[in-house]
Amino acid sequence: MADSAKLRHPEKRNRPDNPIQRKPSWIRVKAPTSPKYREVQKLMRDLRLNTVCEEAACPNIGECWSKKHATIMIMGDTCTRACAFCNVATGMPAPLDPMEPANVAIALGGLGLEHVVITSVDRDDLPDGGAAHFGEVIRRIRAAAPDTTIEILTPDFKDKPGALDTISADPPDVFNHNLETVPRLYPGIRPGARYFTSLALLHDYKRQNPTGFTKSGLMVGLGETREEVGQVMDDLRAADVDFLTIGQYLQPTPKHAAIDRFVTPDEFESYAALARGKGFLLVSSSPLTRSSYHAGDDFRRLQAARANRLAVAAE
Ligand code: SF4
C-alpha cells in the first residue's frame, strides 16, 4: 500500500509519514459488495472514465454506487496540483481525450440519473484550465438527457482569464467549488491555491449567473478553529453562496496531511445550526458529508428552499 502510494504521489515521497489514526465508530462504513456497485464499476471501466469516488478513496462509495450515483472526474487521472489532503496522483497530465464528453454522456445515460455531478483534476497546463472541456461535457449531457440536472465541481481556474465566461456560456444547474479549509491552513493543505482566488470564483460566478445555485465545501478535523470556520461561512455568504457542505477530513495515506482530530457528530450538527443562522439556503454537515454525497436529493431541497424564501419575501 505504501509503495503504490509513493508511485502515485512521487512529489509526496519526501513528506514525513503521518500514521493513520483509527477511525471512531461514527466514521466506519461497510465494504462495497452490491451487484449495482459492480455494474457501475464495469460501466466506468468500459468507457474508460475516472471517478472521484475511486480516486479520492471516498468512504461513501458502497452506498453511492449501490444507488448508481457516481461522480465522474474528467480531464484525466493526473492533477497539476499537489494538495496535502488529496489522493489523486500529481504530475503532467495526458492531453485531453476528445471522446470524453461523448463517453460521459453515454455513461450517465446508462445510469439513468436525474442529477449528475462532474468534477475534474486541476489542469494548470491548459490555457483555459479545461473550462471549454467542461462546457462540452455539459452540452453533451444536455443533448443526451435534457431532463437531467447538472452540477459541476470545478478547479479554481487560477490565472485563467476568461475561463469563468466560458463556463457561464453553458451554465450548469449547480456550480460548486470547494474552499476545502480555512485560509490559515492553505499553505500546508492547498499550497497551489489561494483562498481569495477561490472565494472570488464563487462570487464572480454568482454575479454572472444570479439565478444559478452555488455551492462550496469544507473539510474539518485539519486543525481549524470554530471561529475560523464561522469566518469562512461569513465569507461564503458575502459571496452569495447558497449551499455549504462540511465533512470530516480523512487521511488517504501516511504521506498525506495528518488528521488533527475527529469532529463529533454533535459538533457537525452545531456547525449546521451556525451555518443555517448565517443564511445559507441549504447546509449538509456530518462526518461523512462530501461535496457530491446525496447531491440529487440536495438539489431538489435547494430548489424548494429558494422557492420558499422567494414566497416569504413576496408576502
Ligand atoms: S460521496 Fe461523492 S465522491 Fe463519494 S462515493 Fe458518493 S458520489 Fe462518489
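Predicted model: local features only at pLDDT ≥ 70, side-chain atom pairs only at ≥ 80, totals over all residues.
Residues are numbered from 1 along each chain as its sequence is written.

**Overall architecture**

The protein chain comprises twelve helices and ten strands; these are DSSP runs numbered from the N terminus, with helices (H or I) of at least four residues and strands (E) of at least two. Its radius of gyration is 19 Å, close to the 20 Å given by the globule rule for 315 residues, so the chain is as compact as a globular protein of that length. The radius is taken over C-alpha atoms, and the rule is 2.2 Å times the number of residues to the power 0.38. Along the principal axes, the C-alpha atoms fill a box of roughly 60 × 45 × 40 Å. Of the 315 residues, 44% count as buried, a class that requires 20 or more other C-beta atoms within 10 Å of the residue's own; 12 or fewer make a residue exposed, values in between make it partly exposed, and C-beta atoms are placed from the backbone. Among contacts between residues at least 6 apart in sequence, 75% join residues at least 24 apart, a contact being two C-beta atoms, placed from the backbone, within 7 Å.

The buried residues of helix 5 are Glu100, Pro101, Val104, Ala105, Ala107, Leu108 and Leu111. They cover an arc of only 165° around the axis, which puts them on the same side of helix 5; the arc is that of the directions from the helix axis to the C-beta atoms. Their cover includes helix 2 (35–46), strand 2 (71–74), strand 5 (115–120) and helix 6 (131–144). Just after helix 5, Gly112 takes a positive phi of about 60°.

In helix 6, the 14 residues should span 20 Å at 1.5 Å a residue, and the end C-alpha atoms are 20 Å apart, which agrees. Its buried residues are Ala131, His133, Phe134, Gly135, Val137, Ile138 and Ile141. These pack against strand 2, helix 5, strand 5, strand 6 (149–153) and helix 7 (163–169).

| Residue | Contacts |
|---|---|
| Leu199 | Leu179, Asp235 and Ala239 (C-beta atoms within 7 Å) |
| Leu274 | Gly230 and Met233 (C-beta atoms within 7 Å) |

Leu199 lies in helix 9 (residues 195–208) and is buried, with 21 other C-beta atoms within 10 Å. Leu274 belongs to helix 11 (residues 265–277) and counts as partly exposed because it has 17 C-beta neighbours inside 10 Å. From C-alpha to C-alpha, Leu274 and Val229 are 9.7 Å apart in space and 45 residues apart in sequence.

**Ligand surroundings**

The ligand is surrounded by Val52, Cys53, Cys58, Asn60, Ile61, Cys64, His69, Ala70, Thr71, Arg290, Ser292 and Tyr293, where a residue is near if its C-beta atom, placed from the backbone, lies within 6 Å. Helix 3 (52–55) and helix 4 (61–66) are the elements that give two or more residues to this shell. By class, the shell has seven nonpolar, four polar and one charged residues. Ala, Val, Leu, Ile, Met, Phe, Trp, Tyr, Cys and Pro count as nonpolar, Asp, Glu, Lys and Arg as charged, and the others, Gly among them, as polar.

Notes: Expected span 1.5 Å × (residues − 1). Lists of a residue's contacts leave out its neighbours within four places in sequence.
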